[in-house]
Amino acid sequence: MDPELLKLYHQLKQRGLTPSQEQKILSELEGDHSHEDSPAVARAKAAASDTFDRASDNIYAYNDPFDLQGIHAPQSTYTTCLRSVDELLERDKKRVDDGFPRKIRIGRMIKPGKGDKDKVVVVPTTAEEKFIHDPTLQPFEEEQAGGSGDGEENETIGEEPLRPQDVEQGAGPGEGDDGQHEMESNAYDMGKILTEKFELPNLKDKGKKRSLTRYTYDMTDRHRGFGQIIDKRATLRKIVETNISLGNLPDVGNIDPTGFLIAPNDKIYRILSREKDYESQAMVFFLRDYSGSMIGKATELVVSQHVLIYSWLLYQYDRQVETRFIVHDTKAKEVKDFYTYYNSKVAGGTQVSSAYRMVNEIVEKENLAQDYNIYIFHGTDGDDWDTSGKETIPELKKMLAYANRIGITIAAHASDSANSTEVERYLNKSKLLEEKPKLLRLDVLQEDSDEQRLIEGIKRLISE
Amino acid sequence: MELINQHTKKIMEGCKERARAAGLRFEDETLEYIVTNRDLLELTPKVMIPNLYDYWVHDVEVLKEKGRYELYPGNPYETVINTRPAISFYNDNNPDWLNVMIFYHVIAHVDFFQNNLYFRHTWDDDFNGQALADKRLIANLRSEKGRWVDYIIEFTRGIDNLAGYYDELSRVNRGSATTRPKRLDYYFDVFLQAVKDIKIHEYIKEIERYNDCMRTHQDLGEQSFFADAIKKYPEFEAHFKKYLENGAKPKIDLIQFLMENADFINKDENKWMESVMQVVRKTSLFLQPQIRTKIMNEGWASYWHENLFLPDERIKGHEFDFARVNSAVTSLPRVGLNPYALGMRLFYYIEEIADKGKYSLDFQRRSDLDGRKKFDAKTGKGQEFIFKVRENFSDSMLINTFVDQDFVTKNKLFVAGKKLNSEKMVWKYYVKSRKAQDYRQMLQNSLYHPPHITVDPEKNVDNKLYLVHHFEEKPLVKDFIFNTMMGIEYLWGGPVQLETSEVVPTKPAQGHDAFFGYPSPSQTEEQVQEVQWERVLYTMQDRELTRKKLV
């Protein structure tokens with residue numbers, strides 16, 4: 001057991017804990033303490049990376065066109081039939097009017113097969129539901145496949161790394177950024193779909209904070225002597241000016257321009273120049289509780305919702321969105337990308353304040369409040385060792401001073417009764433939700449919520 | 001889509017002549033098309049049938065999760081379409097020698113389609129032509145009824161894997177004259193076992209008594225046997241009469257049941273739904289034999305392209321090219337199942353064994369190991385025998401009948417297991433078993449097998465439709481139950497109940513780290529536990545699903 005955690009536990013205990021709180025803390029304390037990729041994730045990664053091999057285990061994966069003629073089944077993504085996506089979503093909306101549940105699912109993440117970098121692709125998908133046998137439910141047998149060749153029974157015939165070996169970085173120019181870009185362009189489209197079709201609100205006021213890093217180019221600067229387009233009015237004025245000083249213009253009432261002298265320097269041109277971009281931009285902090293209690297569905301919900309929010313903001317800010325990812329248990333840690341953010345394994349205890357403190361530190365140190373619209377989204381299951389919010393509330397208040405919006409999602413466990421999670425309780429007690437409804441929002445979902453509910457939740461978190 | 005050019009068509013016709021000389025039987029007319037990527041984009045969602053009806057789900061990325069093949073009875077992506085004339089698709093830049101190989105493969109498929117009895121119900125139709133008529137019908141209805149047509153398609157597709165494929169086959173194969181069960185058969189096969197549910201020793205006692213009667217009374221044996229039987233079960237005659245009346249009715253599947261009995265569909269304004277349901281059901285029945293004969297069909301085609309290509313004098317000089325392509329297609333993978341490789345080897349194996357006359361009583365009777373090994377009657381009837389196999393078998397029967405220890409040993413086959421080695425962070429593949437029995441079981445488990453769900457008319461009370469999922473130690477995918485039952489409720493026009501079996505969770509379900517589409521971890525490391533089953537009843541009423549445990 002981590003001695004530091006233990007110390008914390010004893011401190012908390014001294015301050016007094018109810019038996020149920022103590023039990024929760026102890027269960028997290030005794031859990032596994034590494035945030036390494038969990039075996040499940042690692043396995044899933046391995047599985048996803050060799051979809052081709054897996055598919056070949058199945059006799060129905062073989063087909064004549066490919067095996068004989070090398071004709072691949074074409075991969076049609078939704079972008080190839082994007083024209084019909086609007087139509088599909090329109091139809092999906094009508095389903096609700098007709099009294100049937102929606103069928104298009106959105107925000108599902110799939111990973112393309114082997115050889116590709118880990119990238120996240122967001123597509124609208126659907127499933128055709130039928131009564132079929134559950135192939136995953138042969139829980140007491142291990143996976144089996146056919147095989148051929150030499151080898152005694154029980155002899156190992158091969159090993160496959162759990163995780164695909166890291167693809168060499170920089171295999172080609174621009175290789176490093178590709179994955180991220182893919183994610184963004186997909187997410188941007190999805191943000192559009194979310195905004196238009198799921199009726200997520202547009203942001204009314206995005207704030208006027210300016211970007212200092214982006215420039216546009218425009219023909220705004222004037223230049224004497226040479227340039228792209230002559231500015232006739234300015235040139236004329238300059239010529240008049242010069243000739244006044246030369247004494248060629250004795251009578252203002254009767255000007256004779258034929259006597260004017262024109263110096264090359266009098267010609268004023270417009271010239272292409274760099275301009276500062278005044279578009280507003282956003283900085284989004286995604287905070288995720290990855291303590292032991294977040295195991296399973298709670299994490300999935302939180303991360304799904306964060307993807308959707310990210311897509312929406314990307315669209316709203318016309319891609320001018322920067323993201324920071326922070327995970328926390330009792331301590332907070334910033335992670336470099338969404339991939340790590342979403343794959344880190346849950347373990348350890350919970351202190352929400354640690355993450356909030358970290359956000360405050362980052363904002364202060366990098367002076368972000370001046371240049372950015374700051375959004376903070378936090379996903380948790382509502383457990384907190386700091387049961388009264390003694391440390392969390394002050395940090396939260398600090399955040400409220402600069403943030404455009406703070407959205408807290410609580411994916412409550414089925415065992416929690418209504419309004420009973422710690423975070424929810426101390427937030428309500430602090431009355432911050434009522435005092436600053438424009439800045440702070442809370443959404444409590446049940447662990448078994450579906451996608452529809454997630455989108456409802458986003459509306460709650462981001463609406464004006 | 002364009003037809004292949006005359007030069008290539010001539011090659012095809014040459015292949016047909018040679019194939020026919022080798023004994024394959026198929027209709028003369030075939031159509032070969034060149035396909036572009038664009039054509040394929042349109043064809044693949046429609047199971048490669050150019051005229052299949054339009055349905056919006058075809059335009060969406062359908063989640064290709066595990067078990068996808070369980071959802072769709074057809075092979076999603078094929079070269080040859082079983083219709084009259086048979087249609088096949090080609091790349092436009094195949095070299096001639098490769099086309100020869102593919103043509104032989106295709107011709108063998110066509111031969112299989114047109115001779116295997118599992119395709120019996122598709123023999124008399126031009127399916128592509130029918131599909132075109134259906135497509136127009138649905139387009140017409142859509143212009144009238146709008147999106148409600150798509151709801152009917154959706155809900156009927158939800159149960160199209162329950163269509164009575166075997167019932168349809170038996171109807172076609174046996175004709176309409178139903179043989180009435182004899183009284184005696186009914187007494188022993190149905191009455192004692194299903195109605196009375198008597199114990200085995202009592203059952204055997206009844207058989208003994210029957211044999212006694214026959215011995216002592218000879219011709220009058222049966223009469224005297226029943227005289228006593230009726231004394232014991234006075235209700236027997238009534239049951240038998242009722243059985244005869246009911247038994248005369250053909251078995252019908254869920255879609256048919258709904259079409260015949262649902263008040264909702266039989267309302268005048270809803271009559272059109274029946275034709276949509278009919279189209280979906282027909283399509284499903286048409287596609288079903290393909291997935292039930294995958295190993296055989298591909299094995300048969302590979303066997304013939306290999307046997308016909310090599311002696312073909314037109315492609316001399318390309319043996320090397322052929323060897324490369326052919327070995328890629330028909331090699332056994334170290335881990336995995338290749339239907340081409342497996343099926344082809346099975347046909348070769350069966351041919352060899354039949355050549356030696358080992359499928360005979362004479363051989364079966366021999367018990368000495370050496371004698372069995374050396375047994376060779378030199379019948380020379382191997383090929384004749386595999387033609388019979390191609391006519392009468394499906395994948396499941398083929399595996400059960402012919403995958404024996406000799407076959408497994410000869411081809412060095414084994415069941416591969418996969419274990420997680422968490423110390424080294426690797427998957428470990430190992431040889432799990434080389435026993436034919438285990439290999440057969442593994443193959444059987446990988447075959448397409450829809451759940452067996454029927455209507456129980458006895459329990460249909462108060463306008464409730466009662467479905468029974470017959471227990472096969474396989475639970476249903478729970479996530480799909482809601483939508484499927486909602487669809488049935490809509491078509492039926494009243495509440496629907498489904499009786500099924502589920503695994504009792506033995507300990508509090510631990511949350512798995514299942515993210516998004518990633519699979520949940522299989523619990524390989526955990527100790528083997530006894531699976532406990534419980535019978536549950538789902539009820540769908542007013543689009544609300546409830547679940548109840550049955551005692």
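## Close-up views of a predicted two-chain model

**Figure 1. Helix α23 of chain B is largely enclosed.** Of the 12 residues of α23(B), 10 are buried, so the rest of the structure largely encloses this helix. The model shown here is predicted. Which residues of α23(B) are buried? They are Asn483(B), Thr484(B), Met485(B), Met486(B), Gly487(B), Ile488(B), Glu489(B), Tyr490(B), Leu491(B) and Trp492(B). These buried residues pack against two helices, α6 (148-157) and α12 (254-261) of chain B. They also pack against the strands β9 (465-469), β10 (496-503), β11 (533-541) and β12 (544-549) of chain B.

**Figure 2. The length of α23(B) can be checked against its residue count.** The helix covers residues 481-492 of chain B. At 1.5 Å a residue, its 12 residues should span 16 Å. The end C-alpha atoms are 16 Å apart, which agrees. Look just past the helix for Gly493(B), which takes a positive phi of about 80°.

**Figure 3. A strand of chain A pairs with a strand of chain B.** Strand β3 (residues 144-148) of chain A meets strand β6 (residues 413-421) of chain B. The two run antiparallel and are joined by 5 bridges. Which residue of β6(B) is the bridge partner of Gly147(A)? The partner is Phe414(B).

**Figure 4. Strands β6(B) and β7(B) form a hairpin.** Strand β7 covers residues 426-433 of chain B. It pairs with β6(B) in the antiparallel sense, over 7 bridges. One bridge links Lys418(B) with Tyr429(B) in β7(B). There are 4 residues between the two strands. In the turn, Met425(B) has a positive phi of about 55°.

**Figure 5. Arg334(B) touches chain A.** Find Arg334(B) in the loop between α15 (319-330) and α16 (339-355) of chain B. Its contacts include Gly147(A), Ser148(A), Gly149(A) and Ile157(A). Arg334(B) has 15 C-beta neighbours inside 10 Å, so it counts as partly exposed. How far apart are the C-alpha atoms of Arg334(B) and Ala416(B)? They are separated by 9.0 Å, although the two residues lie 82 residues apart along the chain.

**Figure 6. Four strands of chain B form an open sheet.** The order is β1-β2-β5-β4, and the pairing is mixed. The edge strands are β1 (2-3) and β4 (80-81) of chain B, each pairing on one side only. Strand β2 (residues 30-34) and strand β5 (residues 86-90) of chain B pair in the parallel sense over 5 bridges. Thr30(B) has Ala86(B) as its bridge partner in β5(B).

**Figure 7. Chain B as a whole.** Chain B holds 23 helices and 12 strands. Of its 551 residues, 34% count as buried. Among contacts in chain B with a separation of 6 or more, 78% come from residues 24 or more positions apart.

Figure 8. Chain A averages a pLDDT of 70, and 62% of its residues score at least 70. Two stretches deserve a look. Over residues 36-56 of chain A, pLDDT stays under 50, and the model has 42 contacts there beyond four places in sequence. Over residues 107-121 of chain A, pLDDT also stays under 50, with 40 such contacts. Where pLDDT is low, the predicted coordinates should not be read in detail.

Methods
Residues are numbered from 1 along each chain as its sequence is written. Chains are lettered from A and ligands numbered from 1 in the order in which they are written. This is a predicted model: local features need pLDDT of at least 70, side-chain atom pairs count only at pLDDT 80 or more; totals for chains, interfaces and linings use all residues. pLDDT is the predictor's confidence in each residue, from 0 to 100. Two residues are in contact if their C-beta atoms, placed from the backbone, lie within 7 Å. Two strands pair if DSSP finds at least two bridges between them. The expected span of a helix is 1.5 Å times one less than its number of residues. A residue is buried if 20 or more other C-beta atoms lie within 10 Å of its own, exposed if 12 or fewer, and partly exposed in between; C-beta atoms are placed from the backbone.
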